Number of protein chains: 2
Amino acid sequence: MTRVPKLLLLFLLIGLCLLIGFLTTDGCKAPEPPQKAAVPEKAVLVIHGGAGAPPANELPQAERKKYKKVLEDALRQGYKALQKEKGTSLDAVVAAIEVMENSGVFNAGKGAVFTHEGRNELDASIMEGKHKMAGAVAGVTRLKNPIRAARAVMEKSPHVLMIGDGAERFALSLKVVEEVNPVYFWTEERWKELQKALKKEEMQKNQGKRLPRKAGATDRHFGTVGAVALDNNGNLAAGTSTGGLTNKRHGRVGDSPIIGAGTYADNQACAVSCTGHGETFIRHAVAHDIAARVQYKRLSVARAVAEVLDGIPEEKDGLGGVIALDRQGSWAMHYDQHTDGMFRGCITKDGKISLWIYQDKE
Amino acid sequence: MTRVPKLLLLFLLIGLCLLIGFLTTDGCKAPEPPQKAAVPEKAVLVIHGGAGAPPANELPQAERKKYKKVLEDALRQGYKALQKEKGTSLDAVVAAIEVMENSGVFNAGKGAVFTHEGRNELDASIMEGKHKMAGAVAGVTRLKNPIRAARAVMEKSPHVLMIGDGAERFALSLKVVEEVNPVYFWTEERWKELQKALKKEEMQKNQGKRLPRKAGATDRHFGTVGAVALDNNGNLAAGTSTGGLTNKRHGRVGDSPIIGAGTYADNQACAVSCTGHGETFIRHAVAHDIAARVQYKRLSVARAVAEVLDGIPEEKDGLGGVIALDRQGSWAMHYDQHTDGMFRGCITKDGKISLWIYQDKE
């Protein structure tokens with residue numbers, strides 16, 4: 001064998017190594033989007049108040065302040081829960097979501113949207129990443145804080161998902177959640193949204209007339225609230241709570257109470273909470289798919305979230321968004337191009353709060 | 001540079017290539033379990049009638065025949081649907097599951113187990129792999145064939161999951177499924193199972209006495225029926241239908257109607273239907289996890305199914321089982337070591353039927 005073929009072989013091998021290396025490290029991986037200096041790299045609690053904020057020019061400063069005040073309060077309450085001696089990521093998730101459920105400004109708890117029949121049917125779920133325990137409730141109508149009921153299903157029952165009357169009876173029998181008259185959930189804004197949606201539906205039915213896609217920002221208000229947290233023991237948790245879709249049919253359940261669709265937590269991967277077009281999130285098992293890509297493809301949470309959302313065929317009315325957090329405190333917030341904004345924020349280990357509604361920090 | 005270091009470099013590079021190759025092809029991959037000559041390698045329809053068959057010595061031949069007759073009939077009806085000119089994998093899944101729902105011998109449709117309150121609350125879901133469309137119903141009490149209702153949710157509504165009364169009203173309004181008096185679902189065997197379970201619960205409550213784990217085979221009867229199919233267009237579909245768990249609490253929902261937990265289909269990966277301890281299947285998003293490992297780790301369906309089930313912490317009362325099928329017709333049936341048997345069968349493209357209850361073909 002002469003020197004030349006041996007050198008050729010050497011180069012071929014080096015090329016092969018590079019190729020294999022390239023393929024196994026997720027090929028043409030784009031660099032992570034640069035984060036501005038003001039944006040913290042690590043967080044202990046990340047929350048959302050739903051994708052589907054009105055377009056930026058339709059949301060006055062006074063309104064923005066109202067949303068941000070609730071987000072900030074939720075982050076503070078969640079952070080306080082984490083600071084307690086035995087505070088867990090589950091405590092933080094419940095504390096943060098409860099603030100948002102009680103606020104009346106998001107589509108969860110007080111402030112939930114109305115069904116076609118003018119009722120409020122609420123869904124929620126929670127999961128922790130160490131033992132992958134989970135709990136969820138769907139279609140409940142008289143529990144003030146569905147997220148508490150979800151936690152009770154996880155911790156006090158052998159079940160994971162309970163629906164309707166059975167879920168209510170179970171949670172109320174344990175006295176872990178306050179019972180309210182369903183009228184508690186009535187808010188003028190949501191009622192008007194339903195009337196608008198019903199009118200639109202009627203028009204479409206009677207005249208066969210199609211309304212423009214972006215007829216009214218509120219039509220696409222997905223709402224939903226969610227939180228992902230990391231505690232001092234390195235355990236992750238995720239939770240989501242929602243009133244669903246305005247004008248949804250009686251009995252319709254979206255992704256929020258579905259473990260693997262709207263919520264997932266696994267210490268081996270990450271914690272995820274979703275908001276948006278629930279049906280699409282269920283069909284693509286979005287929350288679990290993000291965790292699977294982090295675990296099997298060894299992607300960062302930011303890249304896994306982007307890959308999953310960008311891989312779903314376009315939804316003209318907006319798909320929605322996701323928040324995710326891993327055990328290193330690396331986090332991601334992402335929503336699709338047809339979604340105008342997502343109410344969201346995070347808090348770092350040393351208590352620094354950041355809040356966003358649109359692409360820029362504001 | 002002398003010849004020796006260059007050779008050394010060459011060997012190092014070869015070693016590196018081998019190592020990378022080894023790591024990226026799933027490392028110390030065990031060989032697929034050898035299949036006996038009589039077992040077909042390819043199938044177009046695979047079905048199950050539930051994990052949790054009684055121990056082999058407790059199931060007389062006459063009983064086995066009864067189960068197998070239904071399995072065979074389900075395979076034939078599903079196959080017939082596939083043979084029709086425009087027959088799809090969805091048609092095959094519905095046809096096969098309907099036979100099992102109507103048989104009275106499996107825990108789905110007629111033959112469903114009873115809740116703690118002595119009612120039947122049925123769940124079902126269906127999904128197709130081309131567009132990943134899906135439909136599901138949970139907690140329905142007066143629909144003869146829940147799998148038909150699930151298909152109607154997928155095809156005739158904008159929703160994926162509908163529950164309880166809302167799901168029933170929707171399906172009945174379309175006249176796609178027969179309405180029955182809930183008494184239709186009453187069977188003597190299931191009623192006796194509930195009485196036994198209630199008695200056991202009462203004993204445990206009153207005496208603080210723990211009964212032996214394998215107290216009665218029927219206690220662990222998971223039942224559930226499911227099917228995965230592949231049609232001439234290369235499209236996959238999966239479906240699952242169940243009565244849930246004997247003595248389950250009113251409102252409890254297991255994995256069967258949960259897309260990603262009990263059912264999943266994606267032409268990029270495989271079609272999956274699960275049976276067993278529903279709560280565990282939800283928490284581990286079993287159906288989607290199998291699809292994710294086929295897609296991201298490039299495992300065979302057999303290996304993905306085994307990896308997922310074997311990776312779940314042991315359930316003393318038995319975890320359950322899974323059937324899966326890919327676009328090449330490669331299939332898998334797997335159940336955990338604490339499960340005595342799983343009613344199951346498959347049919348090949350040329351109509352050859354194979355049936356099993358325990359490990360050996362019989």
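Which strands of chain B does helix H9 (residues 301-311) lie across, and at about what angle does it run to S11(B)? In this predicted model, helix H9 of chain B lies across S10 and S11 of chain B and runs at about 20° to S11(B). Contact here means heavy atoms within 4.5 Å, and axes are lines fitted to C-alpha atoms, for helices over the stretch in contact, with angles from 0 to 180 degrees between N-to-C directions. Helices (H or I, at least four residues) and strands (E, at least two) are DSSP runs numbered from the N terminus.

**The sheet of chain B**
- Four strands form an open sheet in the order S8-S9-S10-S11 with antiparallel pairing, where two strands pair if DSSP finds at least two bridges between them.
- Strand S8 (263-265) and strand S11 (331-335) of chain B each have a single partner strand, so they stand at the edges and one side of each is left without a neighbour in the sheet.
- Neighbouring strands of this sheet are turned by 10° against each other on average, direction ignored.
- Strand S9 (residues 271-276) and strand S10 (residues 320-325) of chain B run antiparallel and are joined by six bridges, and Ser273(B) stands opposite Ile323(B) in S10(B).

**Confidence**
- Chain A averages a pLDDT (the predictor's confidence in each residue, from 0 to 100) of 88, and 86% of its residues score at least 70.
- Over residues 24-37 of chain A the pLDDT is below 50, and this stretch has 15 contacts in the model beyond near neighbours in sequence.
- For the complex, the predictor gives an ipTM of 0.86 and a pTM of 0.87.

**Conventions**
- Residues are numbered from 1 along each chain as its sequence is written, while chains are lettered from A and ligands numbered from 1 in the order in which they are written.
- Local features need pLDDT of at least 70, side-chain atom pairs count only at pLDDT 80 or more, and totals for chains, interfaces and linings use all residues, while side-chain values use heavy atoms, with hydrogens and water left out.
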